[in-house]
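Let's take a walk through this fold together, one element at a time. Please have the sequence and the 3D view ready.

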Amino acid sequence: MLQGMRKIAKSWVASIFLGALALSFAVWGIADIFRGNADNTAVTVGDIHVSSDELQQEYRNAIRQQTQQTGVQITPEQARAMGLGTSTLNQIISRNALDTVVQRLGLTSSDAAVTQTVRGMQVFAGPLGTFDHDQFVRVITQSGFTEQSFIDTVRTDTARDQLVTAAESGFVLPTGYVRALFAFLNEVRAAEYIVVPANAVGQIATPSDAMLQSYVSKNVDRYSTPEYRSLVYASITPQDVMNRVSVTDAQLHQEYDSHKATYVIPEKRELEQISFPNEADAKAARAKIDAGTSFEDLAKSRGLKLQDISLGALAQADLDKDRGTAVFALPANGVTQPVKSAFGWVLVRVTKITPGSSKSFDDVKATIKADLMNQLAANKLIDITNAYTDAYSSGASLEEAAKKVGMRVHNVPAVDHAGLAADGSKADVPATAEFMDQVFAAEVGDEGDPFATKDGNYYVLKVAGTTPPKLKPLDTVRAQATAEWTAGEQARLLTAKANALVAQANKDNSLAGAAKAANTTIQRSGPLQRRAANATLSPEVIAGLFASPVGRAVDGPGPKGTYIIARTTGVVHPPLINNDPQFIQGAASLAKQVSPDITVLMANAARAQAGVTINQANVDRVIGGGSE
């Protein structure tokens, strides 16, 4: 669609059309834009004004992000149906509402913090793995930012993060709430049940042709040929351009040196240290160690706890020379002789040794080269697809533009969504669902922009035509339809019988009558947990048992086409101790999950306090009015 518009915009017909359009704009008052009277504000939060351009930029980025996540190009119509515009607008309002709080509190972010944040973003890394200014400019430009606007955005986001982190950190849920949820999740139940066999409803009669035809007609999706599409597409892969990129030894050495900490890892030792005021005391303590006193008891005798003496895991370079030499000469659990350090005289114990590892440049040269070549190839593919877009926009056809920039062109007479041709063979299409999703999302005749799949390949395609699904003749699907109709009829009758047995069990307050009617016996389960799997009782049955009071019968599917009637016979809540490690860990995990709600509540309060004004006309022009 966009490519076609570019072509039209270059024709003489378009020049006349655009001239008339410009005249109509002047007649209808669009010239106000040039007089400075038009209001371009989309939303106002307090004294912060968000323009339509800012909304449009974020909306486009939201669509791009959704496209990358799903691997399917999201059209404007799909974006509106998904509510992306409304969610983007709400995010902008909440974010700016929080910014009013940031301003009121005087929170700021330093240049150093902003610089560190930007340079640490992996998306801006160049071929050598470090921050690359050209890559930085390329990425932010694709997202609609200038350098200054991106820096300003990061500065604002960093300041806002200070507020959010302070609000969410240390959040603790009330103990009573956690206890109630813990009891709910860990509740244990026992049940009695009967198994109603699949043959309890007798033999299912063979359906007539009329019944089968009616069944097939009601299940068109299962008994129709797939939709087929004919298409032309161009492709190019990283392997296609590998011979156009190269890496020098200097670049390889630079990459190795910049990530040397990844390849050369020193030995580390977990250490404990006790300090003494003088050498005599240290020697006396060491004598106690030699006499059999443990290091822990020595620490306790000096009033020290584990956290007081632990130094953590350290490399030799982390210690001064004397301690480092003494410590790294010891075996595990060894204790040094008295050592003079900046902390006075000390004894140090080694509690654990983690061996180091070292990979030389030659060891990892091939891996580094492959990584750099892949990065350079990916950049080359972007240049090629940009060149394709330029050629196509200048009037070349898809085939001409693709051949001009070195992309391969493929013609596919017919392919279904599974990538199969009409005869059931594999069609000449990429073996990736992302590509086929694009094929079946495209409009017939549309010549789309280049797109990438997760494997790094680039494609551009045009759907030439479609062959709609067609209901298959009954004779070709008779066996499948008969089997599925019979299974469905059996399940329907079995469900009805089970419902009658459930009603009887609830009336009798017992499974005895239902078991007799089904000619089966009552069985008893072991302990049941809410989310635990069970070999006999299906998740539907277990869910019903936990959702119903004791003694109330429920039903659900069982194994191998059977049906289960069950009722709870007992409920147990495991004892709960507040200082139990599992309870403490669960409470902390739950608090972490709930803490973002604090930010949502704070944003809602800030919105109410600051006041929000939406220019609906401008918003509708960006996200589409009345469609979300």
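Which residue stands opposite threonine 44 in β18? Threonine 613 does. A word on the source: this is a predicted model, where local features need pLDDT of at least 70 and side-chain atom pairs count only at pLDDT 80 or more, while totals for chains, interfaces and linings use all residues. Residues are numbered from 1 along each chain as its sequence is written, and side-chain values use heavy atoms, with hydrogens and water left out.

Let's start with the sheet. Strand β1 (residues 41–45) runs antiparallel to β18, and three bridges join them. Strands here are DSSP runs of E with at least two residues, helices are runs of H or I with at least four, and both are numbered from the N terminus. Two strands pair if DSSP finds at least two bridges between them. The open sheet has three strands in the order β2-β1-β18, paired antiparallel. Its edge strands, β2 (48–51) and β18 (612–614), each pair on one side only. On average, neighbouring strands are turned by 15 degrees against each other, direction ignored.

Now for the helices. Helix α4 (residues 52–70) packs on the sheet and touches β1 and β2, its direction making about 60 degrees with that of β2. Contact means heavy atoms within 4.5 Å. Angles run from 0 to 180 degrees between N-to-C directions, with axes fitted to C-alpha atoms, for helices over the stretch in contact. Helix α6 (residues 84–105) lies across β1, β2 and β18, at about 40 degrees to β1.

Finally, look at serine 52 in helix α4. Leaving aside residues up to four places away in sequence, serine 52 touches Asn40, Thr41, Ala42, Asn618 and Val622.
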